[in-house]
Amino acid sequence: MERIYFDNAATTALDPEVLEAMLPYMTTHFGNPSSIYSYGRETRLAIETARKTVARLLNAHPGEIFFTSGGTESNNTAILSAIRDLGCRHIISSPIEHHAVLHTIEHYACGENVTSSFVKLLPDGHVDLTDLEEQLKEQKERCLVSLMHANNEIGNLLDIDAVGNLCKQYNAIFHSDCVQTVGHYPLDLRKTPVHFISGAGHKFHGPKGVGILYVNDNIRVKPFIFGGGQERNMRAGTENLYGIVGFAKALELAYARVEEEHSYILSLKNYMREKLVATIPNVGFNGDSEGRCLYTVLSVAFPKTEKSEMILFNLDINQICVSGGSACSSGADQGSHVIRAINNDPNKVTVRFSFSRHNTREEVDAVVGKLTELI
Ligand SMILES: Cc1ncc(COP(=O)(O)O)c(C=O)c1O
């Protein structure tokens with residue numbers, strides 16, 4: 001049996017066109033971008049062209065784009081910079097952020113200098129904006145608000161403009177983890193009131209180990225990795241040249257087909273949801289799955305039975321790749337902090353199905369068929 005890959009929120013397959021764009025920078029164009037002779041000038045040009053491409057696609061200035069090693073580094077850096085360089089002394093976040101945000105906040109907001117709090121969540125898992133405003137109003141210290149644009153486990157989409165406008169009103173710094181939306185939704189950073197966003201190439205058919213941190217021109221942050229003068233003195237170290245070239249190419253391809261993919265993948269997701277409702281009694285869906293939600297993610301709550309508790313294991317045996325919550329809990333259901341925060345129903349077992357353009361209705365039929373046997 002062929003493998004079925006329904007875990008595209010964890011990572012996606014590298015696009016062959018992206019690989020093709022990257023290959024010369026692994027072979028003939030190997031020069032160090034900091035070298036002054038022609039080898040170096042060629043690769044420097046490739047990095048700066050990639051930066052311009054990314055900036056154009058996100059409607060940002062090239063000077064606002066920093067290449068990093070991925071979503072985790074970008075999230076860590078945004079939070080560190082807000083505390084160290086921008087005077088933020090209180091962090092408002094949510095209990096359903098990625099661990100790259102939650103653990104960073106835990107690290108910095110443990111002493112007396114920096115404090116943190118969570119916003120309330122509504123029953124459908126969305127952030128309670130009234131509560132966010134209350135918290136911003138009450139804080140005497142400057143706040144950092146770190147709220148993800150889309151949740152990687154349940155798919156809920158944040159109203160990023162509404163949050164940004166609240167932050168503006170209360171002079172707070174706003175960081176949004178956009179790892180699940182960069183390359184999947186058009187972003188216009190000149191119009192979006194946000195100071196930092198994070199993105200990762202491998203979530204939209206680009207390479208792993210490369211991401212971006214967008215830093216709005218209106219704020220000034222200090223270097224975050226010390227050493228040579230790379231990334232305009234902010235992030236030292238010889239650049240991930242072929243990763244950066246691949247990131248830009250993948251983003252270009254993603255935005256060229258974003259509308260087409262949106263409707264195709266959404267139709268697959270809806271097809272799966274309808275089939276599940278029709279075939280599995282008492283099946284449920286986590287988050288606002290029919291409303292403001294990623295078209296790529298369907299988080300399913302199966303009734304807990306002796307059989308369904310083993311579901312991730314059994315799906316794996318049947319060559320079906322899915323996650324319990326995020327990629328970190330694939331294989332073994334250690335319980336997801338996101339599902340715990342939104343509905344701690346001990347009688348449900350959660351499986352996240354996440355799709356890409358490579359998936360088909362036939363695969364959905366095969367997976368639902370298998371699920372009816374396994375539940
Ligand atoms: C929402 C979100 N933030 C951050 C990350 C971390 O990104 P990376 O694995 O590229 O460091 C991921 C992916 O795992 C994610 O889904």
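Predicted model: local features only at pLDDT ≥ 70, side-chain atom pairs only at ≥ 80, totals over all residues.
Trainee: Which residues are closest to the ligand?
Mentor: Thr72, Asp177, Gln180, His202 and Lys203 are the closest, out of 13 residues that surround the ligand.

Trainee: And what classes of residue make up that shell?
Mentor: The shell has 8 polar, 3 nonpolar and 2 charged residues.

Trainee: Which helix gives the most to it?
Mentor: That's helix H3, residues 71–84, with 3 residues in the shell.

Trainee: How many Å separate threonine 72 from an oxygen atom of the ligand?
Mentor: A polar side-chain atom of threonine 72 sits 2.6 Å from a ligand oxygen. For lysine 203, a side-chain N or O atom is 2.9 Å from an oxygen of the ligand. Histidine 98 has a polar side-chain atom 3.5 Å from a ligand oxygen.

Trainee: OK, how much of the ligand does the protein bury?
Mentor: The protein buries 85% of the 390 Å² that the ligand exposes when taken alone.

Trainee: Switching to the sheet, what's the strand order?
Mentor: The order is S9-S10-S12, in an open sheet of 3 strands with antiparallel pairing. Strand S9 (284–285) and strand S12 (348–354) are the edges, each pairing on one side only.

Trainee: How many bridges join S10 to S12?
Mentor: There are 7, and the two strands run antiparallel, with S10 covering residues 297–303. Across that pair, valine 300 stands opposite valine 351 in S12.

Trainee: Which strands does helix H8 touch?
Mentor: Helix H8, residues 258–279, packs on the sheet and touches S9, S10 and S12. The direction of H8 makes about 10 degrees with that of S10.

Definitions and conventions. Residues numbered from 1 in each chain as written. Heavy atoms only, no water. Pairing = 2+ DSSP bridges. Helix = DSSP H or I, 4+ residues; strand = E, 2+ residues; numbered from the N terminus. Contact = heavy atoms within 4.5 Å. Axes fitted to C-alpha atoms, helices over the stretch in contact; angles between N-to-C directions. Near = heavy atom within 4 Å. Polar contact = N/O pair within 3.5 Å; in protein donor to acceptor, adjacent residues only side chain to side chain. Areas by Shrake-Rupley, 256 points an atom, 1.4 Å probe, with all protein chains shown as cover. Nonpolar A, V, L, I, M, F, W, Y, C, P; charged D, E, K, R; others polar.
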